[in-house]
Each structure stands twice: as C-alpha cells, then as structure tokens.
Amino acid sequence: MSEIAKETYQTVGEPLLKDPKMHVRNTNVFYGEKQAIFDVNLDIGKNQVISMIGPSGCGKSTFLRCLNRMNDTIDICRVTGQLMLDDLDIYNKKIDVVELRARVGMVFQKPNPFPKSIYENVAYGARIHGLTDNKVELDELVEKSLRRCGLWKEVKERLDEPATGLSGGQQQRLCIARAIAVNPEVILMDEPCSALDPIATATVEELIHELSENFTICIVTHSMQQAARVSQRTAYFHLGKLIEVNDTSAVFTNPKHKLTEEYITGRIG
Amino acid sequence: MSLSTLLIVVLAGAILAYMLGRTQSYQIAKPVGGVRNLAALPNYYASLMGLWALLPALLLIALWSIFDGAIIDSLVRATLPDEAKQLSDEDFGLVMSQVNNAAIGIGGGALDEAYQPAIEKLKSLNNTSVQAMPVLAIIVLVIGGLLGFRAVRAENNARYAVERIFNGTLIVCSTIAIFTTFGIVFSVLFESIQFFRKVPIDEFLFGTHWSPQIAIRADQAGASGSFGVIPLIVGTLLISFIALLIAVPVGLMSAVYLSEYASNRVRGIVKPALEILAGVPTVVYGFFAALTVAPAIRNVGDGVRDWGAENGYEFLASLNVSSESALAAGIVMGVMIIPFVSSISDDVINAVPQSLRDGSYGLGATQSETITKVIFPAALPGIVGGILLAASRAIGETMIVVMAAGLAANLTVNPLEAVTTVTVQIVTLLVGDQEFDSAKTLAAFALGLFLFIITLALNVIALRVVKKYQEQYD
C-alpha cells in the first residue's frame, strides 16, 4: 500500500459535524520515531455511537486511547494536534487528566474487573471522585449502574462476592457498569466484545444501543457486523490514516474509497 | 588405584562407549537406508550405550565404598580372640580402632600377640578390597558397554530408554532433598525425646525461667537448670517484630517506588544495590549492630535520661538502656531483611496485569489511588508470602542477635533491655565442651525442634493465605 503512504491524504466522506461532542484536528501520534497516526480530522457527535474499523495495526486503538490520554501511560508516545472535549483542550498541559478521564470513561478489550467484590468494583469510581455523600447514596448509585447494564438481577444476591467469579460477559458488563457509575459524557470501548461469546456479545451490543441515548460512545471493533449493528457513524482507518467517515449505512452500502470497499468486502484485512 | 583415578577411568570408558555407540548406529543405519529409518537418532543410541557403561560401574563403586568397611569389620571380628568378644560395646570399639591403627602401622605394640591374626586378616582384606574394586568396576563397565552395544539395533527405540533414565535421575535428585529433611527432622526429634525424658514437656513449654546450667556439685550457686522456653520465645518474637516493623514498610514502599514510579535508569541502579544488601554476610551486620547501632542507641538513651533528670521528668530519669539491646539487633535485622520484602513484593507488583492499571486510570484514578486500591489488593497474597518469608528469616537469624542483643534470658518486652533468642541459645548450648547425656546439651535439640515447628507453621500459614486470597487473572 505504498501509494497511500505517499499520498497527503484527505479523508473521504463527512468527518466533520455541526456541534460535535469531541473534535479532533490535525492529530498525529508517534511511538518514539515511528508515526502511528497521520493527520486525522474527525468530529464525534453527541449521544451517537461511532465505530472505528480497519485492519489490525491501523491505529484505531491508538486513536481511541488519545481521546482520554490513556496513551500517557506509555512513555515513548507523543501526540500532536488539537483534541477538544466540548471546550476542553484535552492535551493542554494544565488540565487535570483525572477529571478528563472521569468525563471520558473507557472499557477495555479484555474484561478487567478489579480483584474486589462486585459492589466495590462499581463503587470504585464513585469513591475516588467523591460522587456520593453516604452509604445510602452509594448503594443507590451501584444499583442504578448495575440496572442500566442489565446486571442487577443476576448479581443482586451476591454483591459481596469477588467480581472475578462472574462469567466473561458478566464481567464485561460489570466493567461497563463501573465506567458509567462515574457518569461520564463519553465512553470509549476498545473491542469490548472480542473476548466474549456470541450470546454475551449480543447482550453487550444491546446495552451499547441503550446507553447511546445518554452517552457518546466510540467503539473500536474488528467485526463489521457489529459496527453495522450498533453505530450511527463509521470511521475506516488504514495504516494510521483515516480513510473514510460516514453514516454507517453509507459506509457499508456505498463506500466511496477503494480501500474501504476492499476492506468491507473482505479483500483486505 | 585411588578412587579419583578410578572415576576418571570409568568416565573415559563411558565416553568411549558413547563414541562406539555413535559409530555403530551409523553402521546399522547404512543397510536400512539411512538415519531416517532408525527408530532413534544416533545420539540416543550413543547416550544409551554410554549410560549402560557408566551407571552400573558407578553404582558398584558407590556400594563398594559404602559397605566394604562394614563387611571387612565383621570378617575381622570373627578372628578376634575370645576375650575381646566379651567386652562391652565401648571397649570393643576401642579395641577395633586399635586393630585398625595397627593394620595401617600406627602405634603398633599396644596389643598383644592374640590380636595378631586379626591385624593380619584386616591387612589382607584391605589389600584385596583396594585391588579388587578397580578391576571389578572395569569389568562391570565393559559388560555394561556390551549390553548397551546390543541395544543399538535399528528397530530398538533408544529415545524411550534414554528418556526413562533421565526421568529416573530427576526423581533421585528430587528425593535427596526430601530424605535429607526427614533425616534432619528425625535426628532432632529423637534427641528431643531424650530431652523430654529428663525435663517434663510442660515445664519446657510454659516455664518462664531459662537457665540451662546444671549444677555439677550440689552446693553450686545459680545453677538450678531450669528450661522454660518462654523468655526465649518472647525475645525471638520481640526482635523479629522490631525487624519486621522496619523491613515491611521500607521494603514495601521501595518495591512500589521501583515498580511503579522509578525510571528504567533508576531501577537499574537501585534494584541491584538492594540485592547487594542481601549479600552482606550476617556476621558483618552483627558487628555493625554491636559496634555502631547498639552504642548509638545507648548514647541517645543516656542523653534522654540526663535531660529528663535535669528537667524533672521522673519517668525519663529512670530510663536505663542496656549496651546490648533488642532494639539494636531488631533494627539491624530489619535492614538485613529489607531486600527479601522488596524483591518479592517488586516481583508480585510487576505481575499484576497492566489491564487492571489501565482500568483504574481509565476511571480517573491517580497513580497512588491505583496503587493502594487496586494493585496492593491484587498483589497482597504475594506480598504476605514475602513478609512471612522474611519473618522466618528473622526468627532463624542468629549472628546479629548473638553480637548485639546479648545472652541474658530476660523475660521482657522492653526493647531497650538485653534479650536472647532461641537460635542464640542453641549456639551457646552447643559451643564448648558438652556431654550428650545432659539435659543442657539435649535442650538444644528440643529448641531446634521447637523452632522448626514455628517456622513450619509460619510457612503453612503463608501458603494458606496466598491460596485463599489468590486472584485468578487469566
């Protein structure tokens, strides 16, 4: 794909929106000397689900992790360009990363419940951010978060048991409950279903759909069907470049770029 | 031929057999159409033949070395004059060693003519043994080699045979440690039983006075011979507690710093430096404790007392710091076991999956919140294991306590006084002249058994804790 590497690339489709929740301009990401993301411009709409697809190593996870500065934990990673959450400049040195991550939550590829009880997992964020003033409020918050993830009925009898005893799908929903308990504005999901079986995947997808009423969701996925099912917009990444962005239906039925078409028809990736 | 020469010869023979086996396997490979049609690779045939030659010969040498003394003894015994056979066990042993000495030409003439046949017999038997062993060993080597040679056949899968021998060797090696442990436990146990015949077990376990000197004369003063283990246990626990009080926070925090905060460069310097601390001989720690720390503590204590006397603080004026104190020994021992705590904690903290850290950061936790609320609980079983290991080390430590805490068996929890520990008492009981039928000497074994049970219990608890709280991260 050397012709792409040379091209100064202009994203096809409609990367920009009116009144977006987050906007990203001229963003580059470097790992040491190596550039992983090239000049990405993208808006993320409010209370929408946007999915990022593309072959392995195309930079979609790296891009996602820029949005709440999770890349800060990697020493050699460097991000340039402008990334805004409403009016907040995400990469401004003065902003509080802790506050940013409270507003932009994250769910990971593999369920990663803390080695604590189910209750304590959900209460974790609320405790560190002081979201509740007493035990009653905390109980309510935990119950509400678990209910929204459809987990309450399954775990209400055993809130004190270790979260690691849950099934994979339950663990992932617990991680989502843990993220929404902090009441973030945006939730980033990095292949949230890749470690789950089809039934658990369906449950999580349904959950994503419901959550999109109140949250802005960015989801990285390897499954094009999943992207088609859960998202309103789809962004296609290739070798660190954002090739095409459009409404999901438009991307899948009428891809404008040759590479997008090749990927969704299964010829690359 | 001396034993070492014989071993070299046997080894050379085995190597020769190996090479022969190799050559032969290539020979047999030709008619069947190459190495690929053999049941095993030439190396396996060669190893098999080498092992066939080596192992039986080594076994013979080992058995011979172990048993020839006993066999020769019993043969010689038959030729001794009747009067010697009626002697008591101890005297008989004396006579036997005199016969031995005479046979190798030391101090002859102490025995009369009646013993001459025995001496002659011993000489000739020794002679035969020395000459026969190498010959027999080499014969066994050759026979073994030939048997191995017969096994070099195209359809014989030598891989399995070599595998089984390898397997057997591993089993033997692993059982050596187990049997050694059993041996130690039983030897300590039997001597302890001897001790408990002389001193009732409840007096040992619950007595509050330790004074193992036993009066030789009836009118001897201050030598009652009482064996109450409580002062020793309290001393041991006091010093270990002080040591852990130092080592656990310092070790744990340095582990957290090293694994979570330190840059690679700092880590590269600090971690090896900490491990050097573990390499300092305990006797060096001991004189550091005795010559630097203990006097320093005493000076500070005296200063505080004088100040208290001048300013009218009664409770300070009566402060009395011993020049050998539990505090000094405990502090230095704490420094000594820091590397145990920090090294193991560092490993287990590093083993906590990155995904847990990410999850916590992703919820907006700071680094210290992540460490105290997520990483610590996850790493806790390993950390507890490390601490208990350090505790066993502290309880078993002797040298520092001998030098810095003194020998006086005071029953006290005041860290400024001299105390003594179980291990120190074992040392003092077994140093110098002693007879093995006195309770004083046997007490050392009872103390050893006691200590063994304590550390064993600690280890079992450690394992249980680790198992109970172990988290499964898949």
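Trainee: In this predicted model, how many bridges join strand 2 of chain A to strand 5 of chain A?

Mentor: Good place to begin! Strand 5 covers residues 77-85 of chain A, and strand 2 and strand 5 run antiparallel. One pair to look for on screen is A:Tyr31 with its bridge partner A:Cys77 in strand 5 of chain A. The count of bridges joining the two strands is eight.

Trainee: And which residue stands opposite A:Val24 in strand 3 of chain A?

Mentor: Strand 2 (residues 22-31) of chain A also pairs with strand 3 (residues 34-44) of chain A, in the antiparallel sense and over seven bridges. Look along strand 3 of chain A, and the residue opposite A:Val24 is A:Leu42.

Trainee: Which residue takes a positive phi in the hairpin of strand 2 of chain A and strand 3 of chain A?

Mentor: Go to the turn of that hairpin, where two residues lie between the strands. One of the residues in this hairpin has a phi near 60°, and that residue is A:Gly32.

Trainee: What is the order of the strands in the open sheet of four strands in chain A?

Mentor: Start from the edges, which are strand 3 and strand 6 (88-89) of chain A, each pairing on one side only. Strand 2 of chain A pairs with strand 3 and is joined to strand 5. The pairing in this sheet is antiparallel, and the order is 3-2-5-6.

Trainee: Is A:Asp86 buried or exposed?

Mentor: A:Asp86 sits in the loop between strand 5 and strand 6 of chain A, and it has a positive phi of about 50° although it is not a glycine. Most residues other than glycine have a negative phi. A:Asp86 has 12 C-beta neighbours inside 10 Å, so it counts as exposed.

Trainee: How many C-beta neighbours inside 10 Å does A:Arg69 have?

Mentor: You will find A:Arg69 in the loop between helix 2 (60-66) and strand 5 of chain A. A:Arg69 is not a glycine, yet its phi is positive, at about 60°. A:Arg69 counts as partly exposed, because its C-beta neighbours inside 10 Å number 19.

Trainee: Which residues is A:Glu262 in contact with, leaving aside its neighbours within four places in sequence?

Mentor: A:Glu262 lies in helix 11 (residues 258-264) of chain A. It is partly exposed, with 14 other C-beta atoms within 10 Å. Once the neighbours within four places in sequence are set aside, its contacts are A:Arg267 and A:Ile268.

Trainee: Which are the edge strands of the open sheet of seven strands in chain A?

Mentor: The order in this sheet is 1-11-10-4-9-8-7, with mixed pairing. An edge strand here pairs on one side only, which leaves strand 1 (12-13) and strand 7 (104-107) of chain A.

Trainee: At about what angle does helix 7 of chain A run to strand 7 of chain A?

Mentor: First find strand 7 and strand 8 (residues 186-190) of chain A, which pair in the parallel sense over four bridges. A:Met106 stands opposite A:Leu188 in strand 8 of chain A. Helix 7 (residues 168-181) of chain A lies across both strands, and its angle to strand 7 of chain A is about 170°.

Trainee: What is the handedness of the crossing of helix 10 of chain B and helix 12 of chain B?

Mentor: Helix 10 (residues 282-311) and helix 12 (residues 326-351) of chain B pack at about 135°, with axes 9 Å apart, and they are therefore oblique to each other. Residues of helix 10 of chain B, including B:Phe288 and B:Ile297, meet residues of helix 12 of chain B, among them B:Leu327 and B:Met336. The contact divides into 12 nonpolar, one polar and no charged residues. The crossing is right-handed.

Trainee: Which helix gives the largest share of the side of chain B that touches chain A?

Mentor: The contact takes 17 residues from chain B and 24 residues from chain A. Helix 13 (354-362) and helix 14 (367-396) of chain B each supply at least two residues of the chain B side. That side divides into seven nonpolar, six polar and four charged residues. Its largest share, six residues, comes from helix 13 of chain B.

Methods
Residues are numbered from 1 along each chain as its sequence is written. Chains are lettered from A and ligands numbered from 1 in the order in which they are written. This is a predicted model: local features need pLDDT of at least 70, side-chain atom pairs count only at pLDDT 80 or more; totals for chains, interfaces and linings use all residues. Two strands pair if DSSP finds at least two bridges between them. Two residues are in contact if their C-beta atoms, placed from the backbone, lie within 7 Å. Axes are lines fitted to C-alpha atoms, for helices over the stretch in contact, and angles run from 0 to 180 degrees between N-to-C directions. Ala, Val, Leu, Ile, Met, Phe, Trp, Tyr, Cys and Pro count as nonpolar, Asp, Glu, Lys and Arg as charged, and the others, Gly among them, as polar. Angles under 35 degrees count as roughly parallel, over 145 as roughly antiparallel, 65 to 115 as roughly perpendicular and the rest as oblique. A crossing is left-handed if the near helix is turned anticlockwise from the far one by less than a right angle, and right-handed if clockwise. A residue is buried if 20 or more other C-beta atoms lie within 10 Å of its own, exposed if 12 or fewer, and partly exposed in between; C-beta atoms are placed from the backbone.
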